[in-house]
Amino acid sequence: QVQFVESGGGLVQPGGSLRLSCAASRSGKSIYAMGWYRQAPGKQREFVAGRTSGGTTSYADSVKGRFTISRDNAVNTVYLQMNSLKPEDTAVYYCNARDIANWGAYGGFWGRGTQVTVSS
């Protein structure tokens, strides 16, 4: 089991920035990959960005060049810096932790989610 502490969501105007953070903990075993998914109302949950403990990153095409994922392995915390936000980025963002970086598949452990709203 993995415990999460997510923070950083909120309301921002189009073109603005937000930074999400997620601290994960699991006793007895390290966490290989951490990432973010999002789910907008009426839509399926989709992959946003992920990063392994070795530094390999993956991004959805819709966020490339605007979002940056980073990770502090020492404290199992992953960050998502979101710039140039658009209204279509509005969603609940979920932190995810897993042992295999197969981001195209749902799996692993999930945080409770944090709301991001992009609106003027």
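Author: What follows sets computed values against the cut-offs behind each label, in a predicted model.

Reader: What makes Tyr37 and Phe47 an edge-to-face pair?

Author: Two values decide this. Rings pair if their centres lie within 6.5 Å, and planes over 60 degrees apart count as edge-to-face. The ring centres of Tyr37 and Phe47 are 5.5 Å apart and the planes stand at 70°, so the pair is edge-to-face.

Reader: Which parts of the chain does this pair tie together?

Author: Tyr37 belongs to strand β4 and Phe47 to strand β5, so the pair ties together parts 10 residues apart in sequence.

Reader: Why are Tyr37 and Phe47 called buried?

Author: Buried means under 20% relative accessible area. Tyr37 has 1%, so it counts as buried. Phe47 has 16%, so it counts as buried too.

Reader: What kind of pair do Tyr37 and Trp110 form?

Author: An edge-to-face pair, with 4.9 Å centre to centre and 70° between the planes. This pair links distant parts of the chain: Tyr37 sits in β4, Trp110 in strand β10 (residues 109-110), and they are 73 residues apart.

Reader: Why is Trp110 called partly exposed?

Author: The label covers values between the buried cut-off of 20% and the exposed cut-off of 50%. Trp110 has a relative accessible area of 27%, so it is partly exposed.

Reader: How many aromatic pairs are there, and which residues do ring pairs link into a cluster?

Author: The structure has four aromatic pairs. Ring pairs join Tyr37, Phe47, Trp103, Tyr106 and Trp110 into a cluster.

Reader: What makes you say that Arg45 lies over the face of Trp110?

Author: One test is distance: CZ of Arg must be within 6 Å of the ring centre. Arg45 is at 4.7 Å from the ring centre of Trp110. The label also asks for a position within 35 degrees of the ring normal. Arg19 carries the label as well, lying over the face of Tyr79 at 4.2 Å from the ring centre.

Reader: Why is β5 called largely enclosed?

Author: Five of its seven residues are buried, so β5 is largely enclosed by the rest of the structure. Strand β4 (residues 33-39) is mostly covered, with six of its seven residues buried.

Reader: How do you know that β4 and β5 pair?

Author: Pairing needs at least two bridges. Six bridges join β4 to β5 (residues 46-52), and the two run antiparallel. Gly35 stands opposite Gly50 in β5. The two strands form a hairpin with six residues between them, and Gly42 in the turn has a positive phi of about 75°.

Reader: Which other strands pair with β4 and β5?

Author: β4 pairs with strand β9 (residues 91-98) over seven antiparallel bridges. There, Tyr93 is the bridge partner of Arg38. β5 pairs with strand β6 (residues 57-59) over three bridges, again antiparallel. Gly50 faces Ser58 in β6. The β5-β6 hairpin has four residues between the strands, and its Gly55 takes a positive phi near 100°.

Reader: What makes β1 and β7 edge strands?

Author: Four strands form an open antiparallel sheet in the order β1-β3-β8-β7. β1 (3-7) and β7 (67-72) each pair on one side only, and they are the edge strands. Neighbouring strands of this sheet are turned by 15° against each other on average, direction ignored. Within it, β3 (residues 18-25) and β8 (residues 77-82) pair over six antiparallel bridges. Leu18 stands opposite Met82 in β8.

Definitions and conventions: Residues numbered from 1 in each chain as written. Predicted model: local features only at pLDDT ≥ 70, side-chain atom pairs only at ≥ 80, totals over all residues. Heavy atoms only, no water. Axes fitted to C-alpha atoms, helices over the stretch in contact; angles between N-to-C directions. Buried < 20%, exposed > 50% of the residue type's maximum accessible area, 1.4 Å probe, protein only. Phe/Tyr/Trp six-rings, centres within 6.5 Å; stacked < 30°, edge-to-face > 60°.
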